[in-house]
Amino acid sequence: FRTLRILSGSRSPVSLRLATRFRRSAAKRDPNRTLTLSGRDEAAVADEFRVLEGGRPWDPQKPAVIIVTHEASMTGAPVLALNLGQELAGRYNVVFFVLGRGKLMDEFAAASSLTLFADRFIAGSGTYRAMIRHATAKGPIAFAVVNSVESHSVIPELGSADLRVVTLIH
């Protein structure tokens, strides 16, 4: 378990895909898996998401918008989230929260000022809080768009951070 956690951490020398696979294996073998995330330390939570600098520079004169997608696959909801981010990038610093891997990961990073990746099958409220803190540290967030019911687990944490949330259910 400990070796898998180290190999899946943010400083892991392995690829994002392999780190995600190790993270899933570690979650299955976690001796505390029946416990809630509230007892975990913040360093462990921070390791559960990855930061990808975006292809668009952060403009401190613009507010930011968070767009949450359940994965980066070439399917309906993720493509819609990507298109939405590309459209909003002219007026906002776009921050994508991508909660599952897929072929569009590079496109999400290129279209954003910041992309944060976490595996929704492993991540919990502590991870989402850490992601929101990371995004808000860059600048003010105007609102968040949560694209599809598959991304619902982020909504309570966005609300707790006093962010306005628009949900797209399709």
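A search of the whole structure, which is a predicted model, finds 2 aromatic pairs. In one of them, the rings of Tyr92 and Phe143 have their centres 5.4 Å apart while their planes stand at 85°, so this pair is edge-to-face. Tyr92 is buried, with a relative accessible area of 18%, and Phe143 is buried with a relative accessible area of 18%.

The other pair is formed by Phe96 and Phe108, whose ring centres are 4.7 Å apart and whose planes are at 80°, so it too is edge-to-face. Here the link runs between Phe96 in strand β3 and Phe108 in helix α5, which are 12 residues apart, and both Phe96 and Phe108 are buried.

In strand β3 (residues 93-98), 6 of the 6 residues are buried, so the strand is largely enclosed by the rest of the structure. Asn93, Val95 and Phe97 point one way from β3, while Val94, Phe96 and Val98 point the other way, and the residues of both groups are buried.

What lies beside this strand? Strand β2 (residues 64-69) runs parallel to β3 and is joined to it by 6 bridges, with Ile66 standing opposite Val95 in β3. Between these two strands the chain passes through helix α4 (residues 76-88), and this β-α-β crossover from β2 to β3 is right-handed. Strand β4 (residues 114-118) also pairs with β3 in the parallel sense, over 4 bridges, and in this pairing Val95 stands opposite Leu114 in β4. Together, β3, helix α5 (residues 105-111) and β4 make a right-handed β-α-β unit.

Asn147 is buried, with a relative accessible area of 1%. Apart from its neighbours within four places in sequence, Asn147 is in contact with residues including Val68, Thr69, Leu80, Ala81 and Leu168. By contrast, the C-alpha atoms of Asn147 and Lys28, which are 119 residues apart along the chain, are separated by 28 Å.

Side chains of opposite charge can pair when their charged atoms come close. In this model, a search of the whole structure finds 3 salt bridges. One of them joins the side chains of Arg24 and Asp119 (3.1 Å, N to O); Arg24 lies in helix α2 (residues 16-29) and Asp119 in the loop between β4 and α6 (125-138), so the pair ties together parts that are 95 residues apart in sequence. Arg24 counts as partly exposed at 27% relative accessibility, whereas Asp119 is buried, with a relative accessible area of 1%.

Another salt bridge is made by the side chains of Glu150 and Arg120 (3.5 Å, N to O), and it links the loop between β5 and α7, where Glu150 is found, to the loop between β4 and α6, where Arg120 is found, 30 residues apart. Glu150 counts as partly exposed at 40% relative accessibility, while Arg120 is buried at 18%.

The remaining bridge brings together the side chains of Glu157 and Arg129 (3.4 Å, N to O), with Glu157 in helix α7 and Arg129 in helix α6, 28 residues apart. Glu157 is buried, with a relative accessible area of 12%, whereas Arg129 is partly exposed at 34%. Leaving aside its neighbours within four places in sequence, Glu157 is in contact with Ser125, Tyr128, Arg129 and Ile132.

Methods: Residues numbered from 1 in each chain as written. Predicted model: local features only at pLDDT ≥ 70, side-chain atom pairs only at ≥ 80, totals over all residues. Heavy atoms only, no water. Buried < 20%, exposed > 50% of the residue type's maximum accessible area, 1.4 Å probe, protein only. Pairing = 2+ DSSP bridges. Right-handed = clockwise from strand over helix to strand, strands pointing away. Phe/Tyr/Trp six-rings, centres within 6.5 Å; stacked < 30°, edge-to-face > 60°. Contact = heavy atoms within 4.5 Å. Salt bridge = Lys/Arg side-chain N within 4 Å of Asp/Glu carboxyl O.
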